[in-house]
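Visitor: I have a structure open and would like to go through the fold and the packing. Can you take questions as I go?

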Amino acid sequence: MELGIVGLGRMGYNMALRLLRGGHRVVAYNRSEGPRLRFASEGGETAASLEELVQALERPRVVWLMLPAGEVTESHLWALCDLLAPGDLVVDGANSYYKDTLRRAEKVRGRGLGVVGVGVSGGIWGLEHGYSLMVGGEEWEVERLKPALETLAPAPDRGWGRVGPVGAGHFVKMVHNGIEYGLMQAYAEGFAILRGKEEFALDLAQVGRIWQHGSVVRSWLLDLAVRALEENPALDGIVGYVADSGEGRWTVLEALEQDVSAPVITESLLRRLRSREENPFADRLLAVLRAQFGGHEVRRQE
């Protein structure tokens with residue numbers, strides 16, 4: 001199979017490389033030259049523009065976008081659609097909001113193009129271990145993409161699947177990431193409690209290694225936690241600032257729209273927001289309120 005890849009960020013580059021190593025013809029475009037040169041050194045083909053990418057592919061074409069969700073994906077999608085012809089297929093592999101995917105798909109199909117949305121999980125380890133692929137699109141579109149999906153997945157018969165029509169793949173990935181927020185928060189809190197019991201002088205990496213085998217809390221996230229704790233047991237030099245890329249927010253919004261209770265995911269999202277606040281205003285107001293009604297001491301900055 002041949003396909004174009006738009007975006008050679010870390011995830012896009014590794015996916016393009018896995019496809020290349022799997023015997024597919026891959027033509028990759030990236031705005032900056034460095035990743036293109038690196039991919040070319042691996043034996044891949046590159047294009048210096050979207051126009052060049054489209055011209056390098058035989059019709060009917062398949063072009064996979066691996067760009068940050070939002071405006072970057074939006075602008076590249078419409079620029080690409082202006083260059084493609086009816087019968088070509090566009091794949092959005094970003095962590096796009098599923099409602100954006102539905103909106104875009106209607107316009108893309110109006111131009112006679114196919115469109116598939118793929119939620120991709122696997123991070124920086126996907127090149128070695130394969131990716132989890134949650135695919136949304138018409139059956140014939142997914143069937144056309146099947147050779148690439150089988151190569152990107154951990155194995156041809158597992159780790160990927162068509163979960164429904166276009167939009168469904170990004171919806172499933174959104175909820176996947178919401179669950180991920182909750183799991184990460186639980187591990188973080190549990191290890192913080194372990195560390196707080198100073199009289200036991202627990203080796204947190206050792207505890208994690210014990211849990212990795214036979215325990216009901218074993219998981220890949222636990223494996224990564226153990227790896228991090230082995231490298232830096234006290235997490236020295238790490239700032240407790242936790243970003244989010246939107247999926248947790250969208251999951252919480254969906255829960256509210258459906259009247260579904262999701263307190264763990266919601267609280268884990270709020271904890272991420274809290275991690276970015278320095279000397280939060282809300283805490284300062286709590287301190288002065290306590291002083292107002294009870295005369296309690298207020299600590300002041302030096």
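Visitor: Where do the coordinates come from?
Guide: This is a predicted model.

Visitor: OK, the sheet. What is the strand order?
Guide: The order is β3-β2-β1-β4-β5-β6-β7-β8, in an open sheet of eight strands with mixed pairing.

Visitor: And which are the edge strands?
Guide: β3 (45-47) and β8 (160-164), each of which pairs on one side only. On average, neighbouring strands of the sheet are turned by 25° against each other, ignoring direction.

Visitor: How many bridges join β6 to β7?
Guide: Five, between residues 114-121 of β6 and residues 132-136 of β7, and the two strands run antiparallel. Within that pair, G119 is opposite M134.

Visitor: Helices next. Which strands does α5 lie across?
Guide: Helix α5, residues 98-110, lies across β5 (89-92) and β6, at about 150° to β6. Helix α7, residues 139-152, also packs on the sheet and touches β1, β4, β5, β6, β7 and β8. The direction of α7 makes about 155° with that of β8.

Visitor: Switching to the cores. Which residues touch the most other members in the largest one?
Guide: I5, W64 and L133, out of 29 residues in that nonpolar core.

Visitor: Which element gives the most to it?
Guide: α1, with six residues. β1, β2 and α7 are among the elements that give two or more.

Visitor: What does L133 touch?
Guide: Leaving out residues up to four places away in sequence, its contacts include V118, V120, L149, L152 and W160.

Visitor: What does the second core include?
Guide: That separate core has 22 residues, including V27, Y29, L67 and V166.

Terms used:
Residues numbered from 1 in each chain as written. Predicted model: local features only at pLDDT ≥ 70, side-chain atom pairs only at ≥ 80, totals over all residues. Heavy atoms only, no water. Pairing = 2+ DSSP bridges. Helix = DSSP H or I, 4+ residues; strand = E, 2+ residues; numbered from the N terminus. Axes fitted to C-alpha atoms, helices over the stretch in contact; angles between N-to-C directions. Contact = heavy atoms within 4.5 Å. Core = buried A, V, L, I, M, F, W, Y, C linked by side-chain atoms within 4.5 Å. Buried < 20%, exposed > 50% of the residue type's maximum accessible area, 1.4 Å probe, protein only.
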